[in-house]
Amino acid sequence: RLRARRLHSAYGAVVHNFEHVRLSSAEIIAKGEAEQVCALMRHLELDPDVLFVEEDMRWFPIGGRLEPLFPPGAAAKGKDVANKSSIIPALHHSMPRCMRPGVCAKSGSQTIPGDPSMGNLWGMDNDADVDIDAPEAWSIHTGTSGNVIVGVIDTGVDLNHEDLRNNLWTNPGEIPGDGIDNDDNGYVDDVHGYDFYDNDGDPSDDQGHGTHCAGTIGAEGDNGLGVAGVSWGPKIMALRFLGAGGGSTSDAIRAIDYAVQMGASLTSNSWGGGGYSTALAAAIEAANEAGQLFVVAAGNDGMDNDITATYPCNYDNANIICVASMQESEDLSSFSNWGAQSVHIAAPGSYIYSTYPNNQYQSLSGTSMACPHVAGAAALVLDYVPQLTHMELRQIILDSADVVDKFVGKVSTGARLNAHTALMHASSAAWARIPARPDGTPGTALTVPGSGGSGAFVLELGGERISVGEYRASLKITAGSLTRWVDVVLTLHEFREMPLIGAQAILFSDTDGRQGFVSGALTIQRASDELDISQYRVYWGDSNQQKLSSTPFATLDSGSTFRDEFVRFDSSFWYPSAGSGYDFGSGFIRFAGEFADAQLTYVRQLTAPFVIRARVRKATAFAGMVIQIGGVANHLFGTTAGGARAAFFGNWKTLLMPDGTYSTQPCAATSWYEVEITVGVGSITFTDNQNCEQLSHTYGNEFSGPHQVVIGADCQGDCTGSDWDWFEVSGGLYATYNVPLGTLLPSDATHLLAYTWNPNGEGSNVTSVAVTDLHEVEPAQAPSAVTLTSPATTSLVVSWVRNTLNECEFVGWEVLGRAAGTEDWFTPTGCGSLVDLVATECTATGLASNTPYQFKVRVLCGIDRASSPLSDISLAAETLPRPASSPSSVESTLPTAASVLVSWQTSALNDCEFVETVVEAQTADNWFRP
């Protein structure tokens with residue numbers, strides 16, 4: 001502080017502290033002739049409080065020439081020179097590879113996303129294979145975990161672009177637009193990054209360059225829009241320090257400092273033009289020591305950087321990857337700098353099609369466009385193997401590149417980027433991997449001999465530097481056009497010895513109505529301390545509470561946190577709704593339709609205290625987010641639904657309780673918002689990250705649990721869908737295993753026995769519960785007031801009133817009809833497969849005309865004994881008679897002066913009781929009966 005005060009007093013210096021790159025910068029506005037400025041700099045160099053002094057140089061984007069997507073000829077494409085330009089309307093040519101948006105096309109070992117302009121991305125994939133092998137890489141991993149933050153230090157990013165907005169980094173500690181530095185990091189309203197050029201929290205792009213780079217790194221893949229980035233789901237941190245006039249060294253340092261401070265794993269730097277800066281080199285080195293990769297463009301001067309240095313490419317910091325640009329012809333781009341020592345790798349940089357401001361897409365050229373290919377590949381690899389250090393990541397990118405003869409002596413690796421082999425190299429450090437066989441053949445290829453034959457492969461789990469926790473992956477097994485997914489879970493614990501304590505309780509009540517079979521929720525009340533517990537193992541036991549088998553009947557994991565990133569549907573954790581109101585995108589689930597269909601039910605029941613969290617995208621839905629705790633899932637409103645519902649209705653948040661009371665507050669959520677519902681013992685609170693008021697309610701014994709949890713939306717009308725990025729539930733006193741319907745009860749089994757277990761052994765403490773077969777249930781009440789209306793010749797509308805379900809687990813409605821006076825009951829067309837609980841009518845079709853009918857209805861339940869009796873038989877109602885068909889072939893013959901012979905063909909009488917046939921003739925004015 002004393003040094004800062006003295007420098008300010010002596011020179012008018014304004015001191016800036018860059019804590020995270022360990023620099024203090026004194027900014028002095030030097031006025032006067034050049035000789036005076038130089039004299040001042042010499043004087044400062046002698047000042048004992050000054051480490052070094054240098055000019056705050058200007059830096060500029062490297063590249064950005066707008067190129068026509070389909071050049072008019074080879075000569076036009078030969079103009080391979082990059083320069084700066086302004087935004088112009090986009091060119092909307094595209095060559096889609098997938099005709100149905102949002103659906104990946106699979107071809108061999110490739111995964112090609114359903115983005116309509118994929119055919120324009122020659123750098124990702126082309127027929128000559130002069131590309132980074134992106135589809136081959138995506139067949140292994142697409143990078144959608146959202147855990148890798150990439151700082152784009154550039155002209156900013158279009159924060160509202162359709163292909164980028166879902167992949168923007170969001171500062172979890174900042175509240176948008178309140179003018180307050182909520183997380184106390186020195187920056188106000190830095191929600192998605194920061195603008196160091198204009199010193200505000202809006203790093204939007206008015207030049208286009210940064211948006212284009214961001215799209216190559218991480219445009220959202222397989223969303224049916226535009227393009228796909230090398231990595232489909234990184235978190236893009238927008239760091240603007242370049243404007244129309246370039247940017248300063250000090251602002252570049254501020255951007256690097258911010259990226260380190262806020263946890264970016266790497267930065268993409270498509271800029272240059274300044275000279276050597278000790279301060280900038282020191283900032284990059286501090287980023288290196290913080291474990292951050294620094295990817296940079298080589299420059300567009302068409303020269304050798306080993307001879308004429310270009311910065312920041314030529315800094316010797318170990319964390320730098322400097323990238324040259326290549327063309328589709330597998331030559332270095334004519335504008336690209338090179339350097340056998342200073343430039344490390346080549347990547348596609350000519351005619352690169354990517355995102356551009358205002359939901360546009362554009363083709364640009366420059367080493368600026370090559371740099372984000374490498375940054376995107378680094379993000380993809382790090383998403384795949386997050387435990388890699390930044391130097392291991394750098395080495396993988398360089399070591400896995402494809403050697404090209406033309407590049408030897410031009411870049412240090414002599415190679416171009418290959419995202420696929422980079423993932424293959426990284427797989428040796430992944431926690432789940434399939435190693436090669438001892439003979440060197442790939443372990444992923446498996447030959448299964450003959451019908452009913454079998455084969456085996458090795459799946460290695462674990463690895464260095466993975467910490468205690470739960471790891472999940474999916475194993476994809478493909479045979480021809482058939483694919484099957486198998487879940488892989490690795491749970492790491494630190495166990496001191498075998499478990500010393502057991503579960504607090506085990507609960508089970510049979511719900512299968514058949515003798516010798518059981519089903520229902522088997523619930524473990526967790527141990528008071530699970531530190532040394534990996535699993536709860538449940539066995540069948542006899543009357544002496546001894547195991548009937550050494551094989552567990554069921555296993556339940558310890559640990560009480562579950563998180564789903566919605567990469568795909570996992571039936572081990574979710575029950576789907578009866579309808580099809582949900583679909584999976586790239587790392588999210590989309591609910592569309594009414595709540596009865598647009599929902600998933602979490603398989604584990606929960607008892608307070610527990611916490612539910614979710615990240616949801618704002619939707620034009622009646623209810624864009626619904627989290628229901630307990631109750632009947634098919635109901636969104638009303639006390640008959642039972643449980644509590646936390647919901648967002650447009651710009652309102654609401655908490656509805658089982659007794660019908662509710663609280664609601666206005667809450668204008670941003671594009672993506674996060675919610676937290678805390679269910680305590682006797683209370684529920686509903687909070688969000690939008691600075692909206694907390695909603696709270698208390699409850700009594702009528703809502704004591706255990707509860708099922710249902711998530712979904714009520715998305716009708718013009719709503720395109722409600723998107724959920726992730727769902728998490730933590731806490732809960734209980735772990736539940738759902739015993740499948742039809743599970744055979746062993747003949748000597750009288751108890752269920754629960755033991756605690758870890759790899760050191762099984763604990764000796766046993767917790768038990770007696771099993772009673774043939775659980776008696778109170779059946780649903782029969783429907784009433786069965787009424788027949790709206791008669792037609794072949795149909796009647798059947799309606800009824802639903803009554804109390806009691807212990808019925810609703811399956812559907814059974815509607816039976818008969819012709820009055822007969823005993824032949826049947827299920828009429830139109831009244832079968834009624835699985836909607838709220839249905840109270842159906843239209844019976846295919847009936848005989850002119851016939852009286854009667855109907856009766858009952859409720860079908862998961863347990864047959866819980867199904868209701870049949871209702872009282874309805875009063876008879878008659879279908880309408882079918883009229884006789886008109887006569888045909890009417891002819892008049894044998895005319896005389898006063899008569900003709902009239903003849904006709906009689907048609908079907910149907911339900912007509914014949915009385916007479918009427919013949920009429922017409923004169924010029926009237927019809928009459930002759």
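Two strands are taken to pair if DSSP finds at least two bridges between them, strands being DSSP runs of E of at least two residues, numbered from the N terminus. The structure is a predicted model, in which local features need pLDDT of at least 70, side-chain atom pairs count only at pLDDT 80 or more, and totals for chains, interfaces and linings use all residues. Residues are numbered from 1 along each chain as its sequence is written, and side-chain values use heavy atoms, with hydrogens and water left out.

By the pairing criterion, strand β36 (residues 652-656) and strand β37 (residues 662-666) pair in the antiparallel sense over 5 bridges. T654 has T664 of β37 as its bridge partner. The hairpin of β36 and β37 has 5 residues between the strands, and G660 takes a positive phi near 95° there.

Most residues other than glycine have a negative phi, and most peptide bonds are trans. D189, which is not a glycine, has a positive phi near 55°. This residue is placed in the loop between β7 (149-154) and β8 (193-195). D189 counts as buried, at 16% relative accessibility, where buried means under 20% relative accessible area, exposed over 50%, and partly exposed in between (1.4 Å probe, protein chains only). S889, likewise not a glycine, shows a positive phi of about 55° and lies in strand β52 (residues 888-893). With a relative accessible area of 53%, S889 is exposed.

A cis peptide bond, with omega of about 10°, joins Y311 and P312. P312 is located in the loop between β13 (293-297) and β14 (320-326).

Conventions
Helices (H or I, at least four residues) and strands (E, at least two) are DSSP runs, numbered from the N terminus.
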